[in-house]
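This report is written for a reader who is meeting the structure for the first time.

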Amino acid sequence: MSESRITRRKVVTGTAMTAVGVPLLAACGSGDDSGTGSSGDNGSGGSGPLVATSEVPVGGGVIVADRNLVATQPTEGTFKVFSSICTHRSCPVTKVAGGTIDCPCHGSRFSIEDGSVTQGPATSALEEVAFEVTDGEIVPS
């Protein structure tokens, strides 16, 4: 069996596979609607910067899958950071486009401005994460 490298793109899109062919990421969590991932950690405890502010497009965002976070820039110079775990069934969101953060599992969408639900079935907003901008980088605090 050939060995393949797991890239950030494969993890974000959910196509990363283990050596025995079992998906690395589950499509849905335990069914708990609490909004926390199965580990209960929103990923903000990681060390170091999340992303450079220059990498976050105005009117869009960047998903940082290995930290379970999404950073957005709703308007120029205004940044927000949210959990990237959907509050409906704990699926990881995979896309930021058209002013929303999108979950592929059941179609929920969240506002890049405040994490509020713009389209269900989710009924709770994405958890906002405390951060600061330091030397052009977004750093969870």
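## Salt bridges

Across the whole structure, which is a predicted model, a search finds two salt bridges. In one of them the side chains of Glu128 and Lys80 come together, with a nitrogen-to-oxygen distance of 3.6 Å. This pair links distant parts of the chain, since Glu128 belongs to the loop between β8 (117-119) and β9 (131-134), while Lys80 belongs to strand β4, and 48 residues separate the two. Glu128 is partly exposed, with a relative accessible area of 42%, and Lys80 is partly exposed as well, with a relative accessible area of 23%.

The other salt bridge brings together the side chains of Asp102 and Arg109, at 3.9 Å from N to O. Here Asp102 has a relative accessibility of 8% and therefore counts as buried, whereas Arg109, at a relative accessible area of 36%, is partly exposed.

## Cysteines

How many disulfides does a search of the whole structure find? The search finds one disulfide, and its partners are Cys91 and Cys105, whose sulfur atoms lie 2.3 Å apart. The torsion about the S-S bond of Cys91 and Cys105 is about -110°, so this disulfide is left-handed. Cys91 sits in the loop between β4 (78-83) and β5 (95-97), and Cys105 sits in the loop between β6 (100-102) and β7 (109-111), so the bond ties together parts that are 14 residues apart in sequence.

| Residue | Relative accessible area | Class |
|---|---|---|
| Cys86 | 2% | buried |
| Cys91 | 1% | buried |
| Cys103 | 6% | buried |
| Cys105 | 26% | partly exposed |

With residues up to four places away in sequence left out of the count, Val96 touches Gly60, Gly61, Ile63, Val70, Ile101 and Ile112.

## Two threonines

Which residues does Thr53 touch, not counting residues up to four places away in sequence? They are Gln73, Phe79, Val133, Gly136, Glu137 and Ile138. Thr53 itself is found in the loop between β1 (51-52) and β2 (60-64), and at 17% relative accessibility Thr53 counts as buried.

Thr75, by contrast, is found in strand β3, which covers residues 69-75, and its relative accessibility of 45% places Thr75 among the partly exposed residues. Although Thr75 and Glu113 are 38 residues apart along the chain, their C-alpha atoms are separated by 8.5 Å.

## Overall make-up

Taken as a whole, the protein contains one helix and 10 strands, and from the N terminus on, the order of its elements is α-β-β-β-β-β-β-β-β-β-β. Of the 141 residues in the protein, buried residues make up 37%. Among contacts between residues at least 6 apart in sequence, 44% join residues at least 24 apart.

Notes: Residues are numbered from 1 along each chain as its sequence is written. This is a predicted model: local features need pLDDT of at least 70, side-chain atom pairs count only at pLDDT 80 or more; totals for chains, interfaces and linings use all residues. Side-chain values use heavy atoms; hydrogens and water are left out. Contact means heavy atoms within 4.5 Å. Helices (H or I, at least four residues) and strands (E, at least two) are DSSP runs, numbered from the N terminus. Buried means under 20% relative accessible area, exposed over 50%, partly exposed in between (1.4 Å probe, protein chains only). A disulfide is a pair of cysteine sulfur atoms within 2.5 Å. A salt bridge is a side-chain nitrogen of Lys or Arg within 4 Å of a carboxyl oxygen of Asp or Glu.
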